[in-house]
Amino acid sequence: MSTLFLRVNRLWRAAMTGFCFMLFGIGGLLLSLIWFNLLLVIVRNKARRRSVARRSISASFRFFLTIAKTVGVLDYRIIGADLLRQERGCLIVANHPSLIDYVMLASIMPETDCLVKSALLSNPFLSGVIRAADYLINDQADALLPASRQRLLQGDTILIFPEGTRSVPGEKMTLQRGAANIAVRCNSDLRVVVIACTEHMLSKQRKWYDAPPTKPIFTIEVGERIPLHQFYNADLQEPALAARQLTRHILLKLQPNTIKDIGINDASASS
């Protein structure tokens, strides 16, 4: 490709990234101000209303990603998407290289719960979405474990990014123990999801308008379900020790090196 074409393509993707951000923000406001308030009136059952809200969020994310792919901002492939669609009563733990990791995962998990930062409740574009979906808030320590246990027992999946924030490219990955503690204390299995990308896009050190040199291609690989009993026996171990061991195991599984060379046309992929 000529240098001129690459430059024009990069400028186009930067402009379209801005358009997609605007679309995302407007969509979040419309959902919060109109649709979710309408649900309060027409769906009286709280559990049913929460389910409809989450499915609405998932559908809006699929629409957003379709637009982003169509205008050339990014491409992505999810290997093992059906495993996530069918999962029930399990923690989903993923690495977090990009701002849109949650969007890609929730787009194929219409009933998923999510552990979110309390700071997002002050974001005007996301606060209504978080409240309508009844997501778990990470600073509500006293209520977090009982609520997580209840939701897992009723078949919910809970999506957690155990790094706590987006990865910094080139730096060693470190994990908080929150995901492992929830798994151990709520007696829940885990499923690991590894996200890799051919470019650094929407990472912690990049502005939204800083388009990468070439179109980024995300590859999301759904890993094995990890049975908790392999790491914790209540009769033999302390929960804290089991959580440390499980955290180390998750860290090994979350390294994206195993899928960094997978192409977008991998025959086993689905999205």
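Which residues form a nonpolar patch on the surface? They are Phe19, Met22, Ile26, Leu30, Leu33 and Ile34, with about 590 Å² of accessible area together. Areas come from the Shrake-Rupley method with a 1.4 Å probe.

This is a predicted model, where local features need pLDDT of at least 70 and side-chain atom pairs count only at pLDDT 80 or more, while totals for chains, interfaces and linings use all residues. Residues are numbered from 1 along each chain, and side-chain values use heavy atoms, without hydrogens and water.

Met22 has 48% relative accessibility, so it counts as partly exposed (between 20% and 50%).

Now for the inside. There are two cavities of 30 Å³ or more. A cavity is a set of points on a 1 Å grid where a 1.4 Å probe fits but cannot get out, and lining residues have an atom within 4 Å of a point. A volume is the space filled by probe spheres set on the points.

| Cavity | Volume | Lining residues |
|---|---|---|
| Largest | about 60 Å³ | Arg13, Thr17, Val73, Met201, Leu202, Lys207, Trp208, Asp210, Ala211, Pro212 |

Helix H2 (residues 46-70) gives the largest share of the second largest cavity's lining, three residues.

Technical notes: On a 1 Å grid over the protein atoms alone, a cavity is a set of points where a 1.4 Å probe fits but cannot get out, and a pocket is an open set with protein on both sides within 12 Å along at least five of seven lines; lining residues have an atom within 4 Å of a point. Helices (H or I, at least four residues) and strands (E, at least two) are DSSP runs, numbered from the N terminus. Patches are made of residues with over 30% relative accessible area and no salt bridge: like charges are joined within 9 Å, nonpolar side chains (Val, Leu, Ile, Met, Phe, Trp, Tyr) within 5 Å. A salt bridge is a side-chain nitrogen of Lys or Arg within 4 Å of a carboxyl oxygen of Asp or Glu. Buried means under 20% relative accessible area, exposed over 50%, partly exposed in between (1.4 Å probe, protein chains only).
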